Amino acid sequence: MTVTDARTTAPWASLRQPPTGGLSSRIAERLFRSAIGRLHVTVRLAHPDGTTEELGLGGPAVVVHRPAELFARIGRDKLIGFGEAYMTGAWSEDGVPGDGSLGDFLTVLAADVAHLVPPSLQRLRALVSPRLPRSHRGTRENTQSNVAHHYDLSNDLFAAFLDPTMSYSAALFEDLETALTEDFAAAQHRKIDRLLDQAGVGPGTRLLEIGTGWGELAIRAAARGADVRSITLSVEQQQLARERIAAAGHADRVRVDLCDYRALLDEPAGGYDAVVSVEMIEAVGWEFWPTYFRTLDHVLAPGGRVALQAITMPHDRMLATRSTHTFITKYIFPGGALPSVEAIHDVVRRHTSLRVSDELAFGAHYAPTLQRWDRAFLAARERVAALGFDETFVRMWHFYLEYCRGGFAAGYIDDHQLTFTREAR
């Protein structure tokens with residue numbers, strides 16, 4: 001997918017004409033005012049007559065430049081509309097993009113997300129919330145296009161805001177108090193090395209990596225003397241990962257294949273001493289979690305270990321939202337679904353011989369990771385524009401990074417490194 005394809009296939013055209021107001025808009029406004037009125041945020045509504053109305057108990061501030069559009073979008077498209085209203089400029093942070101105020105505002109909302117809508121109305125969620133399109137389901141027919149939508153945008157785009165390791169997952173900082181100034185690459189290596197340690201990767205290890213990224217984990221594993229096979233469905237990632245692996249002098253130890261994880265079930269069992277996968281399970285889709293973990297069980301040799309890094313959410317919220325079409329699934333990760341730790345335990349117990357033997361929760365480290373990415377992205381906006389991405393894309397990407405930061409900062413979503421070993425027989 002070229003940059004031009006990514007820009008022109010983005011559904012900006014649907015944003016040009018705001019929805020008209022009506023009953024849904026009035027209901028959205030009433031719910032919005034009720035929710036904001038009891039939160040420690042500040043929302044300034046700019047009315048057409050030039051007056052400004054202030055809502056909230058005081059705190060991180062945003063300005064609603066076009067209230068009618070915001071409420072109409074929320075009324076029609078719920079949280080997708082809330083994000084789209086930011087993309088169109090109907091509302092914005094009351095500050096300079098990149099100063100953290102947007103993420104701080106969204107953190108307060110994320111901390112109260114289960115209560116933003118009254119319980120009596122939450123029971124209607126299945127009737128009014130948009131459902132994930134069938135074309136986004138994580139089938140073998142859909143998965144490569146889902147992956148390409150995000151990861152094949154442009155390697156240069158990701159290089160504009162990631163650290164030199166090209167790691168696109170939570171770093172593991174030495175001290176959260178200094179996370180915004182620590183050596184970013186060192187924190188990413190700390191995360192990678194802990195996974196490799198948990199998987200027991202060393203000289204001669206036959207390692208399978210599911211989800212290549214841009215090759216840094218494979219490089220670190222090969223430097224330990226492991227023989228690595230890494231699989232991905234991103235053409236762009238495969239190309240750059242191979243280049244980076246060769247530049248690091250490990251082309252003889254690492255093979256990067258375009259391959260769906262399910263194809264591994266057709267290969268002989270027990271071919272790998274260790275399996276690692278970093279934040280790939282989120283793209284699998286909840287319907288396919290049993291297949292994913294059966295695949296891990298199938299490829300793992302006797303005595304082997306699996307180390308995964310997974311973004312997670314509370315079990316009750318996962319059950320309530322797993323089939324919902326969201327801003328993230330529409331614009332960022334088609335088909336994405338976050339598991340709960342409870343769901344992972346349940347799936348492996350029912351479908352595999354694997355069991356969780358070690359667990360590290362470090363979602364608090366994702367908030368500064370995302371903030372550093374967001375700052376770097378906005379600082380590189382001229383470079384991003386030169387790649388062909390327009391201002392709407394910039395606003396979308398900034399919102400995505402800060403939206404996710406808010407979720408981690410509030411503790412609504414978490415990040416886990418989970419180690420699996422086989423149940424003793």
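Mentor: Start with Arg372: its charged end sits over the ring of Phe184, 4.4 Å from the ring's centre. Arg322 has its charged end over the ring of Trp286, 4.0 Å from the centre. "Over a ring" here means that NZ of Lys or CZ of Arg is within 6 Å of the ring centre and within 35 degrees of the ring normal. Keep in mind that this is a predicted model, where local features need pLDDT of at least 70, side-chain atom pairs count only at pLDDT 80 or more, and totals for chains, interfaces and linings use all residues. Residues are numbered from 1 along each chain as its sequence is written, and side-chain values use heavy atoms, with hydrogens and water left out.

Now for rings with rings. The structure holds 37 aromatic pairs (rings of Phe, Tyr and Trp, its six-membered ring, with centres within 6.5 Å; planes under 30 degrees apart are stacked, over 60 edge-to-face, the rest tilted). One of them is Tyr86 with Trp91: the centres are 5.1 Å apart and the planes at 70°, so this pair is edge-to-face. Tyr86 is buried, at 1% relative accessibility (buried is under 20% relative accessible area, exposed over 50%, partly exposed in between, with a 1.4 Å probe and protein chains only). Trp91 is buried too, with a relative accessible area of 1%.

Then look at Phe161 and Trp373, whose ring centres are 6.3 Å apart with planes at 75°, so they are also edge-to-face. Phe161 is in the loop between α8 (155-159) and α9 (184-198), and Trp373 is in helix α16 (residues 366-379), so the pair ties together parts 212 residues apart in sequence. Helices are DSSP runs (H or I, at least four residues; strands are E, at least two), numbered from the N terminus. Phe161 counts as buried at 3%, and Trp373 is buried at 1%.
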